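User: Please take a close look at the helix packing in one part of this protein. I would like one connected account that I can follow with the model open.

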Amino acid sequence: MSSKEKPTLGGTRIKTRKRNIAVPLDTGTFADAVVQIYNEHKGDLELIAKDVDASELDFSRYGETFFEVVFTGGRNQPGTTKPEEGERHMYSVLTCNDTRESILPVVLFLQKIIRRRPFMIKALENVMKRLLQSLELYGPEDRKKLAIFTALTFSQKLSGLPPETIFSALMSDTLVAKGIVLYFVTDVFKVYLVENTLDDLVSLLKRAKMDDRLLDLFPMQKRSIEGFAEHFDKEGLSVLVEYNTKKVFDVKLKELLTTVTDQIAEDVNVADVIEMVKQRRKEATLPDVDVVRTIWDATMDAVQWSGKNQQQNSNLALRQVKQWGKLLGAFCTTAKLETDLMYKIQIHCYEDAKLMKLFPDIIRALYEQDVLAEDTILKWFKKGTNPKGRQTFVKGLEPFVKWLEEAEEED
């Protein structure tokens, strides 16, 4: 047995991990401080911005509270428009006049605040989402003010506020069914188009993933192309009607292209294909010129190209034109449509190297099937205006044109 004293833990400090103690959020004190700044400067946004920048307010923690004060003048009870206890100011977005000129300074003010604190954009996004999801709690005048503010945030490119988040917040079945969303976005579009083009609006809608969903903004009983046109024409937004009409046409033409291509590839009876195209044209009121162009594209898209063998590709294309020329002839019924078809073929052959030398043979094949008239071909040959590959195609077509002219003289 050793008489040496054993070590003990006496006097040794044992380290313990500190717990993260959450500091309670004091939104009331923060909101009162912001309200006080507003009231001291009587709503002068220039002076308010300076004081906000000079303050030690914790915007990283209370960003959403700050934007509540900006929009409503103070804090609201969650899910309502009722004010909570605390001071309020009378210079908020909802106390502005419902005009662009009145609300624009607020947007520019927030631009300054957020530019210095980019992290606050998420707080603005969250507050706007809550406001938009609660639109039915506000009257028509307040909704219009929020619509003007929303439009101006996009028009002024307010520090990258994401359009998709804002528009998705609107797509509540209840709000759409009551017509609230339709009139809200109508005001948004009107204000946005004051200093932006239709192309800008279309780009915005694409970023919001709404360019294909404009009809979803309408209550179910008004959700039609006719209802769309009637509403936006009445609101002075005819440019939007024109855009949507063209977009609907484009969708219908793409559907027609897919169907015709499939039926040609499956070698469906040409009479049945003609009947189907006539039915689609009537249902969608498709322009004849677009129908003819679509049939030509479908005819070429259905070819099973052989790869690098030029001669085989030429034979395939010619065989396709001869087999389905009757389909083109059923819809190419005027000299104007015939001319447009020639230009369509010219551009196609110019842009597709494997068809470049085939232009004269295609034109001759369509002439022999009575799709293209002699006068149409001669007019294109002598006075055609599209320069794409024209010199090459004219030279290639010379022997056939000479034959046509000699035949005409003999007659």
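Analyst: The domain assignment divides the protein into domain 1 (27–223) and domain 2 (246–409), with bounds that come from an automatic or database domain assignment. The C-alpha centres of domain 1 and domain 2 lie 54 Å apart.

This is a predicted model, in which local features need pLDDT of at least 70 and side-chain atom pairs count only at pLDDT 80 or more, while totals for chains, interfaces and linings use all residues. Residues are numbered from 1 along each chain as its sequence is written, and side-chain values use heavy atoms, with hydrogens and water left out.

Two packed helices are described by the angle between their axes and the distance between the axes. Here axes are lines fitted to C-alpha atoms, for helices over the stretch in contact, and angles run from 0 to 180 degrees between N-to-C directions. Helices (H or I, at least four residues) are DSSP runs numbered from the N terminus.

Start with helix 14 (residues 288–301) and helix 15 (residues 310–331), which pack at about 160° with their axes 10 Å apart. Helix 14 and helix 15 are therefore roughly antiparallel, a term for angles over 145 degrees. The crossing of helix 14 with helix 15 is right-handed, meaning that the near helix is turned clockwise from the far one by less than a right angle. From helix 14, V291, V292, I295, W296, T299 and M300 meet A317, Q320, V321, W324, L327, L328 and F331 of helix 15; contact means heavy atoms within 4.5 Å. The residues of this contact comprise 11 nonpolar, 2 polar and no charged. Ala, Val, Leu, Ile, Met, Phe, Trp, Tyr, Cys and Pro count as nonpolar, Asp, Glu, Lys and Arg as charged, and the others, Gly among them, as polar.

Next, helix 16 (residues 335–351) packs on helix 18 (residues 374–383) at about 55°, with the axes 10 Å apart. Helix 16 and helix 18 are therefore oblique, the class left over once angles under 35, over 145 and from 65 to 115 degrees are set aside. This crossing of helix 16 and helix 18 is right-handed. Helix 16 contributes A335, E338, T339, M342, Y343 and Q346, and helix 18 contributes T376, I377, W380 and K383. The residues of this contact divide into 5 nonpolar, 3 polar and 2 charged.

Finally, L397 lies in helix 19 (residues 390–410). L397 is buried, with a relative accessible area of 0% (buried means under 20%, with a 1.4 Å probe and protein chains only). L397 touches F359, P360, I363, I377, W380 and F381, not counting residues up to four places away in sequence. L397 and T339 are 58 residues apart in sequence and 15 Å apart in space, C-alpha to C-alpha.

Methods:
Helices (H or I, at least four residues) and strands (E, at least two) are DSSP runs, numbered from the N terminus. Buried means under 20% relative accessible area, exposed over 50%, partly exposed in between (1.4 Å probe, protein chains only).
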